[in-house]
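Please look over the model below before reading on.

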Amino acid sequence: MSASRIETLLAFYDEDPTDTFTQFALAQEYRKAGQPEQAVAFFEGLVRDHPDYVGTYYHLAEVYRDEDRTDDAIAVLDRGIQEGQRQRDFKAVSEMRDLLMQLQGIGFDDDDE
């Protein structure tokens, strides 16, 4: 299932390691497969090499949160919010602010997870 998707995406990555969509898809598949280290590596690479790929910040922050790396999650959200504002991507900014508030213990938590 997920392993074959990862293998397929890795083949695409080998063909073009600069393709942001493939990198993002690999990060998501590694996350789904319970391999957060690999997910973080791809997400961090995207943030480093393609800082304008705004959606990455939110997803990287989620992985950091899941790995109890709250300070890293907050830092990456701060950077993502700045980039989102620069690009006027207000939907992404709103989503990142919501996650940031959750991490900081601000606001309402409708889920009892």
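E83 sits in helix α5. Helices here are DSSP runs (H or I, at least four residues), numbered from the N terminus. The model is predicted: local features need pLDDT of at least 70, side-chain atom pairs count only at pLDDT 80 or more, and totals for chains, interfaces and linings use all residues. Residues are numbered from 1 along each chain as its sequence is written, and side-chain values use heavy atoms, with hydrogens and water left out.

Is E83 buried or exposed? E83 is buried, with a relative accessible area of 11%. Buried means under 20% relative accessible area, exposed means over 50%, and partly exposed lies in between (1.4 Å probe, protein chains only). Leaving aside neighbours within four places in sequence, E83 is in contact with P51, D52, V54 and Y57. Contact means heavy atoms within 4.5 Å.

**Helix pairs**

Axes are lines fitted to C-alpha atoms, for helices over the stretch in contact, and angles run from 0 to 180 degrees between N-to-C directions.

| Pair | Axes come within | Crossing angle |
|---|---|---|
| α2 and α3 | 7 Å | roughly 155° |
| α4 and α5 | 8 Å | roughly 170° |
| α4 and α6 | 10 Å | roughly 20° |

Take α2 (residues 20-32) and α3 (residues 36-49), whose axes cross at roughly 155°. That angle makes α2 roughly antiparallel to α3. Angles under 35 degrees count as roughly parallel, over 145 as roughly antiparallel, 65 to 115 as roughly perpendicular and the rest as oblique. α2 passes α3 in a left-handed crossing. Left-handed means the near helix is turned anticlockwise from the far one by less than a right angle; clockwise is right-handed. On the α2 side, the contact is made by T20, Q23, F24, L26, A27, Q28, Y30 and R31. On the α3 side, P36, Q38, A39, F42, F43 and L46 take part. By class, the contact of α2 with α3 has nine nonpolar, four polar and one charged residues. Ala, Val, Leu, Ile, Met, Phe, Trp, Tyr, Cys and Pro count as nonpolar, Asp, Glu, Lys and Arg as charged, and the others, Gly among them, as polar.

Next come α4 and α5, with axes crossing at roughly 170°. α4 is therefore roughly antiparallel to α5. From α4, Y57, Y58, L60, A61, Y64 and R65 meet T70, D72, A73, V76, L77, R79, G80 and E83 in α5. The contact of α4 with α5 has eight nonpolar, two polar and four charged residues.

How are α4 and α6 oriented to each other, parallel or antiparallel? Their axes cross at roughly 20°, so α4 and α6 are roughly parallel to each other. The crossing of α4 and α6 is left-handed. Y57, Y58, A61, E62 and R65 of α4 contact E95, M96, L99, Q102 and L103 of α6. This contact of α4 with α6 has six nonpolar, one polar and three charged residues.

**R65**

R65 lies in helix α4 (residues 55-66). R65 is partly exposed, at a relative accessible area of 29%. Not counting residues up to four places away in sequence, R65 touches R31, A73, L99, Q102 and L103.

**The core**

In soluble globular proteins, nonpolar side chains tend to be buried together. A nonpolar core is a set of buried Ala, Val, Leu, Ile, Met, Phe, Trp, Tyr and Cys residues joined through side-chain atoms within 4.5 Å. Which members of the largest core touch the most others? They are F43, L60, L77 and M96, out of 30 residues. The elements giving two or more residues to this core are α1 (2-15), α2, α3, α4, α5 (70-87) and α6 (90-103). L60 touches V40, F43, E44, V47 and V76, not counting residues up to four places away in sequence.

**Loops**

Most residues other than glycine have a negative phi. D68 has a positive phi, near 60°, and is not a glycine. D68 is found in the loop between α4 and α5. D68 is exposed, with a relative accessible area of 68%.

R88 also has a positive phi, of about 60°, although it is not a glycine. R88 is in the loop between α5 and α6. At 62% relative accessibility, R88 counts as exposed.

Q35 lies in the loop between α2 and α3. Q35 is partly exposed, with a relative accessible area of 27%. Leaving aside neighbours within four places in sequence, Q35 is in contact with I6 and Y30.
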